[in-house]
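Here is a brief report on one protein chain. Please keep the sequence and the 3D view at hand.

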Amino acid sequence: MAEIEIDGAPADPARLAALGLLNYGHFTTMRAESGRVRGLTLHLDRLVRDCRTLFAVELDRAAVRQRVRALLPADGAPVIVRVTVYDPALGLERPAAPAAPALLVTTRPAAAVEPAPLRVRTVVHRRELPEVKHVGLFGLVHQRRQAQLAGYDDALLVDPEGRVAEGATWNVGFLDEDKLVWPQGPSLPGTTEALLSGAYRGPQSREPLSAAELGRFGAAFAVNAGVGVRPLAAVDGTVLDPFHPVLAELRAAYLGIAPEAV
């Protein structure tokens with residue numbers, strides 16, 4: 001069952017409606033189990049950084065941890081936690097008014113089954129303010145919907161020159177034998193990408209990648225905090241190996257990262 005609170009109290013409909021009506025804020029999503037989160041410090045860093053950018057306010061890390069901890073299941077069951085930072089009093093006419101951000105914390109059960117490899121198509125699209133994990137998801141959801149209507153699972157974003165940036169709600173990596181290559185493009189600095197980059201002991205680099213050259217890679221994968229490492233089966237007409245042996249190494253490296261207590 002999903003749980004939802006605003007500043008530690010049951011979500012008030014009027015305060016909740018403010019987020020939907022203005023749609024200005026930022027968030028992070030993490031997987032918690034037994035009261036612990038892999039990459040918790042990075043998630044808190046993101047929330048603090050994005051709060052400065054959007055609201056010019058210093059977010060209280062301890063308050064975030066307290067709100068999350070209070071909503072975690074007592075039995076330690078795995079859940080997906082989303083912390084959204086927004087100001088219920090902020091108006092459309094004066095968004096530059098001094099802000100007093102609230103913490104909207106939600107939880108939902110984490111998926112127990114390992115998701116199937118993704119088939120994605122490339123689309124020319126760039127998120128607004130790509131370095132911030134903001135709540136403006138319309139463009140991403142629309143691109144995902146259009147990809148699914150065309151028979152794919154998701155969308156891989158590229159710039160007008162065809163250079164790969166990121167997935168709709170995930171970062172992407174490619175494997176050239178055992179070398180891990182991250183695309184060099186405007187994208188959200190992912191917590192899972194950062195953790196995996198630090199944990200993988202093989203060679204890796206960050207390069208500008210054209211969608212037209214993806215056939216040189218043997219495998220590719222999506223990464224985010226909800227699923228960890230998820231193989232890609234294909235990008236457009238390029239078939240990739242979802243059972244590439246290095247993918248198992250990457251998953252093991254990620255799962256080997258010690259989670260932090262909330």
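## Basis

This is a predicted model: local features need pLDDT of at least 70, side-chain atom pairs count only at pLDDT 80 or more, and totals for chains, interfaces and linings use all residues. Residues are numbered from 1 along each chain as its sequence is written, and side-chain values use heavy atoms, without hydrogens or water.

## Overall form

The chain holds six helices and 16 strands. Helices (H or I, at least four residues) and strands (E, at least two) are DSSP runs, numbered from the N terminus. The radius of gyration is 19 Å, close to the 18 Å of the globule rule for 262 residues, so the chain is as compact as a globular protein of that length. That radius is taken over C-alpha atoms, and the rule is 2.2 Å times the number of residues to the power 0.38. The C-alpha trace spans about 50 × 45 × 30 Å along its principal axes.

Of the 262 residues, 45% count as buried (under 20% relative accessible area, 1.4 Å probe, protein chains only).

## Nonpolar core

The largest nonpolar core has 24 residues. Such a core is a set of buried Ala, Val, Leu, Ile, Met, Phe, Trp, Tyr and Cys residues joined through side-chain atoms within 4.5 Å. L59, V64, V68, V81 and V83 touch the most other members. Strand 3 (26-33), helix 2 (40-55), helix 3 (61-71), strand 5 (79-86) and strand 6 (102-109) each give two or more residues. Helix 2 gives the most, with seven.

Beyond its neighbours within four places in sequence, V64 is in contact with L44, L47, L59, V83 and L103. Contact means heavy atoms within 4.5 Å.

Key. Buried means under 20% relative accessible area, exposed over 50%, partly exposed in between (1.4 Å probe, protein chains only).
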